[in-house]
Amino acid sequence: MTGISPTDLSFLLLEKANRPNHMAAYTIFEKPPGQESSFGPRLFEAYRQSEAAKPFNHKLKWLGRDVAAWETVEPDMQYHIRHIAVPAPGSMKQFHETVSFLNTSLLDRGHPLWECYVIDGIEHSRIAVMIKVHHSLIDGEGGLRAMRNFLSDSPDDMTLAGPWMSFESAEKPRRTDTTASRSERLQSLLTGLSNLPGGVIGVGADVADLGAQTLNLKARKASLPFTARRTLFNNTPKSAARAYADVELPLADVKALAKTTDTSVNDVVMTVIDDALHRYLEEHEAPTDVPLVAFMPMSLRNTSGGGGGNQVTAELIPMGAPEASPLERLKEINAATMRAKDKGRSMQTTSRQLYALLLLGSLTMADAVPWLGKVPSANLVLSNMKGPSEQLYLAGAPMVAFQGLPIVPPGAGLNVTFASIGKGLCIAIGAAPEAVHEPSRLAELMEQSFQSLELASGTTNSVKPTTRKSRTP
């Protein structure tokens, strides 16, 4: 058996019917010429006959109350792989409605926590591969890597691969097998004890530093829990219904804007999102007079890529002032992210992980304790991931679209995730209808905000962004 980290376990313990904690994403492919009717069945059959690599062959095993581990099993591929077709004519609206419906239900804990859907019948001879994976099994960056690993950069590669086939961990899993020898367990214990004093001292110093910031004895490097102003985006979901929308910005234009303003791609996109959120609040006559606060995961992975589980920390990032101009907002967000990075570098890894759990707990408490909902820690979750830059294929079928379906966080009803894919930068919106009833309108406002920022910086927009319709199950 393989142990579950506290962060990963929290995604299991906090899951509820109205708060699924699985991630989902889909890729859309254009079928190769002459394979319009045969490609889907061949892909489905190959998937049913495939084998799952770690961690997709890990099944949850409870060892006691709130204590669990991963048990290695042979997944039943007849259960995990489904083949469905969108009704004719197979419009994108019908496809989005199908995806939203499939993403609503919880994953069955009696099986490894993932499902795959081959969705056929999409207009223009297209087919999609959608996968749902529990957040306790892999994190967002790991999920993106799993989606990348099953694709090829060659149109001549005819391999019918799936995301679960090659996601092998580069790390040794922590063994919790009770058959380990007494000498091995004793050696492990001694090693842990020898490392403990330095770790405790480091954590203590970090806690003291955070305490000084809380008491205003030192300059704050980030927002503090329970200090955000409640907004429309903090309306929490009453059911599992979710609404989605996305917009794609030209990556070259985003990079040019970042270079011109001496900031980063991350800062530019955060500015676009922040400005659009304020515009949305204005349109709904629910403006806020203080900066919005984003709960933002930050990767801790090394260059080898790591393996399963969640190897991230997180921070509360105060964004731009409501009345700020586009360039002022960009400068304020750039300063906030730089402070957060400096803070992260100054903390030990153990401290960063504990701090991430503390922040996640503060979001969760806003759901569990009603009066804390009036003083949330954040207004939304923001995530940033780097995707593939090259054209990718599945058995000769070119990928024409990729989209993640973000998890709605506790304490808020909005998650915005952005990732670079090919020549585009995709911004995905996932929301509870109670928080953002019109995510497609929010996506349109992001287009407008990007154009305003380009105009203010003196750069030009060479390609018009593409907004896709919102979808609600």
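The model is predicted: local features need pLDDT of at least 70 and side-chain atom pairs pLDDT 80 or more, while totals for chains, interfaces and linings use all residues. Residues are numbered from 1 along each chain as its sequence is written, and side-chain values use heavy atoms, with hydrogens and water left out.

Leu63 belongs to strand E3 (residues 58–64); helices (H or I, at least four residues) and strands (E, at least two) are DSSP runs numbered from the N terminus. With a relative accessibility of 47%, Leu63 is classed as partly exposed, the class between buried (under 20% relative accessible area) and exposed (over 50%), for a 1.4 Å probe and protein chains only. An open, antiparallel sheet is formed by three strands in the order E1-E4-E3, where pairing requires at least two DSSP bridges between two strands. Strand E1 (2–3) and E3 are at the edges with a single partner strand each, so one side of each has no neighbour in the sheet. Six bridges join E3 to strand E4 (residues 67–72) in the antiparallel sense, and His58 has Thr72 of E4 as its bridge partner.

Strand E11 (residues 380–386) is largely enclosed by the rest of the structure, because five of its seven residues are buried.

Six aromatic pairs are found in the whole structure; rings of Phe, Tyr and Trp (its six-membered ring) pair if their centres lie within 6.5 Å, with planes under 30 degrees apart counted as stacked, over 60 as edge-to-face and the rest as tilted. The ring centres of Tyr47 and Trp164 are 4.7 Å apart and the planes stand at 80 degrees, so this pair is edge-to-face. Tyr47 is in helix H2 (residues 39–48) and Trp164 in the loop between helix H5 (140–149) and helix H6 (182–214), so the pair ties together parts 117 residues apart in sequence. Tyr47 is buried at 0% relative accessible area, and Trp164 is buried at 0%.
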